[in-house]
Amino acid sequence: MGRLSRAEGQQLAQVDNPDPFAPPVWRSPVYRTPEGVIWVVQLVRLLARVVWFVVRHPYLDLVAGVLAMEWLSGGWPAVAGLGAAVAVTLGVWRWRYPASFRLFVAAPVRNRWRWWYYRRRWQAVLTIARLVPTYRGRVLVPVLGAVEASRFADRVHVTLVSGQSPDDFADRAGNLAHGFRVHLCRVRTSVPGSVVLELVRRDALAEPIPALAIGAQPDLRALPVGRCEDGSPWLLRLHGTHLLVAGATGAGKGSILWSAVRAMLPLLAAGLVRVYACDPKLMELAFGRALFDRYGRYAAHPERIAELLEDAVADMQDRAARFAGKQRDHVPTAEHPFVVVLVDEVAFLTAYQADRKLKDRTLAALATLTTQGRAVGFCVVAALQDPRKEVMTIRNLFPDKIALRLDEPAQVDMVLGDGARDRGARCEEISSVPAVGAGVGFVRLEAVPDPVRVRAAYVSDQDIRAMAAAYAAGMADIAGGEAA
């Protein structure tokens, strides 16, 4: 009793329990903090936060200081005049120097604005998406990093919680897309311990892209052929690689082939590039036959195609013998031009060909070109509809691949490699309406495992005829962008 008599306040209050045999349960003691101490602690916290905010935002501090000085010196007219001067300066800067304005003003402001947008919703969205684990009672939230925003998409850098993997975010990509109110979310690999979320706000590929203007000095490692999902130009590499294009009927394979040819026209005219066109369907590449006859070769009959490919192999091996021990990388010259072998509907030559000997000749020539041609300036660009292994047995010899609209989800990984569909390449969901989905696809490069959504420019029949007529007649250049 002596010890209990020294207890004070609510420490003596027993918790109400209707069970008469239950042992007594006592409430924890409550200590009343003086109100003055509470006010002092809260004021110190507020002051610390204000100081930290001032330290972290020097530019905002500078603006606030200038506005305060203007107000003290001239009142609201001085502040209004300063605002008008700044607005006029920014307007003239944007008009006269748009590139530097985007770099130093528009891009940083957009990035900061999008970062603030995600910061407001970050913990709530990730918690509901079950991406916020707990450890020993602590809630561990992945850290929101820098945000790189374009007109169409945002790249959000995220530092993972220990034990998380990019697959955890990939499995919740749909939750993140709806949570952040964007059309699509893709998870890209980054440095160990972090991922990059590609959040698409607007579809830059919703409308058909007209034929691009012909550049004066094309680069075979970066040929402009269309647009990427983030609004940047799609630059196709041909030098030093081989390219496989797969897509269902009407998916837009011809747009890629003709956009690549169109981008190389100045190099064709200069004698630095030759194009060998194989057109077993007689419907796609025949429009530019005059162009190929002048700056390369054209073949349509399967036997003529086999001969063309075998001649290309002979030229490649002869060039390799010349380069042996002298150079390892090919540089296009008039004597040793870069050779692009275009093969439309390659499955007709390798799988559906009734003549067994002709089929074996064609397949052997393509295999030789794709295994030995890169170093000496030979590139094979093959298009097909059916990507199954029994149809195209050498598809793994193509380092770079493009998948347009496909009929089945399983075909995506057949073309782009294992895991491509899980990384966002939903080729079977591309619209079959030509105005919406023609030329839309996903690119997976040899050195980049993540597929990128792109759309090739549409080169119309009128554009092809104009190209063939002008360049076959020996013109060095024509006006670009004649698409319908």
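The structure is a predicted model, in which local features need pLDDT of at least 70 and side-chain atom pairs count only at pLDDT 80 or more, while totals for chains, interfaces and linings use all residues. Residues are numbered from 1 along each chain as its sequence is written, and side-chain values use heavy atoms, with hydrogens and water left out.

Patches consist of residues with over 30% relative accessible area and no salt bridge; like charges are joined within 9 Å and nonpolar side chains (Val, Leu, Ile, Met, Phe, Trp, Tyr) within 5 Å. A salt bridge is a side-chain nitrogen of Lys or Arg within 4 Å of a carboxyl oxygen of Asp or Glu. Helix α2 (residues 35-56) supplies the largest share of the nonpolar patch, six residues; helices (H or I, at least four residues) and strands (E, at least two) are DSSP runs numbered from the N terminus. Leu-60 belongs to helix α3 (residues 58-96) and counts as partly exposed because its relative accessibility is 43%, the class between buried (under 20%) and exposed (over 50%).

A patch of negative charge on the surface gathers Asp-167, Asp-168, Asp-171 and Asp-422. Asp and Glu count as negative and Lys and Arg as positive, with His and the chain ends not counted; the place of a charge is NZ of Lys, CZ of Arg, CG of Asp or CD of Glu. Asp-422 is located in the loop between α13 (410-416) and α14 (434-437), and is exposed because its relative accessibility is 60%.

Strand pairing requires at least two DSSP bridges between two strands. Strand β9 (residues 243-246) runs parallel to β14 and is joined to it by four bridges, with Leu-244 opposite Lys-401. On β14 (residues 400-403), Asp-400 and Ile-402 point one way and Lys-401 and Ala-403 the other, and all are buried. Strand β15 (residues 440-444) pairs with β14 in the antiparallel sense over three bridges; here Ala-403 faces Phe-442.

Strands β3 (residues 143-149) and β4 (residues 153-159) are antiparallel and joined by five bridges, forming a hairpin with three residues between them. Val-143 stands opposite Thr-159. β4 also pairs antiparallel with strand β6 (residues 194-200) over seven bridges, where Arg-155 is opposite Glu-198.

Key. Accessible areas come from the Shrake-Rupley method with a 1.4 Å probe; for residues, only the protein chains shown count as cover. Buried means under 20% relative accessible area, exposed over 50%, partly exposed in between (1.4 Å probe, protein chains only).
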